[in-house]
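Please consult the sequence and structure while reading.

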Amino acid sequence: MKNSLRRLLIPLAILHDLVAACLVWMTAYALRFNFSIPDQFYQSVLMMLPVVVLIEISTFYYVGLYRGIWRFASIPDLKRIIKAVAISSVLLSLGAFSLQPELIIPRSVLVMNPLLLILFMGGSRFAYRAWKERRLFNVTAAQGKPVIVIGVEDASFNLIKELSKSPEWRVVAMIDPSNKLVGREIMHTKIEGNLEDIEHIAARHGCQHCMIAMPGSRHEKRRLAVEAANEVEGMEVLTLPAMSDLISGRVSLSQIRKIDVEDLLGRDVVQLDTHGLSAMLANKVVLVSGAAGSIGSELCRQILSFHPTQLICLDISEYALYTLQQEFNQWGTNTELVYLVADVKNQLRIQRILQGHQPDVVLHAGAYKHVPMMEHFNVVEALQNNAHGTYQIASACQAAGVPTFVLVSTDKAVNPTNVMGASKRLAELICQGLQHKKNSHTRFITVRFGNVLGSSGSVIPKFREQIAHGGPITITHPEITRYFMSIPEAAQLVLQAATMGNGGEVFVLDMGTPVKIVDLARDMIKLSGLQEQDIRIEFTGLRPGEKLYEELLADDENTLPTSHEKLRIAQARSADADWLTNLLEWLTNIPNLQETQIKQDLQRWVEEYTLDKRPAPAISLRGKEISSESIHAPSPSQQLH
């Protein structure tokens, strides 16, 4: 039954326009002669009527007027009507002048006819859409949960339009944080007040839900809105997806979610040089190491939006790479995706990959990054992976003539007090040393930033888990602070820096204001619907190698501005080719050294490194407690047996 009705829609639309053409032609004559048409002109009306209808309906069909759906009539449909009427009017005028003097058509009729036709055809379509939407709204309005929308951006308008079709929600009021549009209406919904009025508006409508529809506003304004809504007892605060997610197409406006701590720590949308990024990535071959990690996977997502010819996702974790593959299988991209399980320390494997695929850009995001875990019993692996592994892939890129190599570094590389930070500082120096090699055609660019929200091993997932279990939330120190940025923002700025570097630079990202971890924990408790007395916060003391605060620049470093407001260039201490040769000899030999000796040697290679002299935690081997200082590296002869 429904299919047969759908097949009738186009004939019905044509019939409507045919009747409209007849009525409008007659009405134009009636208006011209004050509704008293002389007999001689009445004959011309009837004689021209079939010609007029034929010309107009044929033109409407040719222009594509019947491809649209009346229920979704919009400005593009109106433009199409105007275009079709204009063409038919020109044809009709030419025909009328060619028939003179046998048949005289008043010029005023030729002017009024198209105007009336546009009003009649456009008005009927928009009236039908309004009727359908009002009918749908009346059906759903009485059954949805009442909700207040905070914000008067374009997103607010689109949100209300989508919610009007949903049986789950019923928008009862809007709030304008700027207080400029209070008293106005959007989509039959009144803007009833500002943030200070939320409690009264919610009580008036019996509302326990509000939606923050401010994806384009600065994060300070969004935070104020969230805090004001949270002050209302029993109010559940929801929000729209982030603007970066809406733009990328990963989510839609209708995917409303609960407010989260990331929204409170959120930052402004990054303005990217899309032309420069497109020139660097479009129709190119790009390789990302550590592609299945938090930063690496987001880099891959961002890169795909610029349509490279081929994207090579390289990672040592087979399962993580498989998970990434399953995600990208749903994307339907034209980019050829290659998934390679490989260890960057495997020089021969990396060389063969580079020779076989010949990438134009390599982004190295693979690293061990957990500070306490790398501080004891894993020192050799930290240095071999983060420092020597960086050399293996970077030098292989240089030998293969890869134009651009980007190292993803960390704020922990500045004045490091831990092995992980020192290993990343070595990676930076290695890239700078390679840059100084003669006849190098590779640009080595380093990008340094702080913690990213929700990345593996970060405090936010840990705090969520602790809150879910009823606490306590464990924090190492009441004064500890960290910089935070979102994963998409970090990835975008890494790519942006890659377009700007000439080679050898260390780019520093604007990380904003550092956040006290204890304040972060308190925000997460409130957003969970609990109070601080419900979830205890426990301070455990700084862990091995941990700082109270992170730095983005060393004490003896200055920065230079760039063309991008969120990127600066650090004038960091550099390294030359001779220094690099000596470092590689030491890195090759570290498996034969004790951890205490390695840490002491690190002070020679990384001058800014401060050795953490606190003893390592004791471990038990065969029931006997020993420390890492008691574990001696085996001699080369012992290793052979």
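## Basis of the report

The structure is a predicted model. Two packed helices are described by the angle between their axes and the distance between the axes.

## Helices α15 and α16

Helix α15 spans residues 379-400 and helix α16 spans residues 419-435; their axes lie 9 Å apart, at an angle of about 20°. Because angles under 35 degrees count as roughly parallel, α15 and α16 are roughly parallel to each other. Their crossing is right-handed.

On the α15 side, the contact is made by Val379, Ala382, Leu383, Asn386, Ala387, Thr390, Tyr391, Ala394, Ser395 and Gln398.

## Helices α17 and α19

Helix α17 (residues 459-468) and helix α19 (residues 517-527) cross at roughly 45°, and their axes come within 11 Å. This angle makes α17 oblique to α19. The crossing of α17 and α19 is right-handed.

In α17, Val459, Ile460, Phe463, Arg464 and Ile467 take part, meeting Ile517, Leu520, Ala521, Met524 and Ile525 of α19. The residues of this contact of α17 with α19 divide into 9 nonpolar, no polar and 1 charged.

## The buried face of helix α12

Helix α12 covers residues 318-328, and its buried residues are Leu321, Leu324 and Phe328. Seen down the axis of α12, these buried residues fall within an arc of 60°, so they line one face of the helix. An α-helix has 3.6 residues a turn, so residues three or four places apart point the same way.

The buried residues of α12 pack against α11 (294-304), β9 (310-315) and β10 (336-341). On the other side of α12, Glu318 and Tyr319 are exposed.

## Arg222 in helix α7

Arg222 lies in helix α7, which comprises residues 219-230. Is this arginine, Arg222, buried or exposed? The relative accessibility of Arg222 is 16%; since buried means under 20% relative accessible area, Arg222 counts as buried.

Arg222 and Ile212 are 10 residues apart in sequence, and their C-alpha atoms are 7.6 Å apart in space.

Note on methods. Residues are numbered from 1 along each chain as its sequence is written. This is a predicted model: local features need pLDDT of at least 70, side-chain atom pairs count only at pLDDT 80 or more; totals for chains, interfaces and linings use all residues. Side-chain values use heavy atoms; hydrogens and water are left out. Axes are lines fitted to C-alpha atoms, for helices over the stretch in contact, and angles run from 0 to 180 degrees between N-to-C directions. Helices (H or I, at least four residues) and strands (E, at least two) are DSSP runs, numbered from the N terminus. Angles under 35 degrees count as roughly parallel, over 145 as roughly antiparallel, 65 to 115 as roughly perpendicular and the rest as oblique. A crossing is left-handed if the near helix is turned anticlockwise from the far one by less than a right angle, and right-handed if clockwise. Contact means heavy atoms within 4.5 Å. Ala, Val, Leu, Ile, Met, Phe, Trp, Tyr, Cys and Pro count as nonpolar, Asp, Glu, Lys and Arg as charged, and the others, Gly among them, as polar. Buried means under 20% relative accessible area, exposed over 50%, partly exposed in between (1.4 Å probe, protein chains only). The arc is that of the directions from the helix axis to the C-beta atoms.
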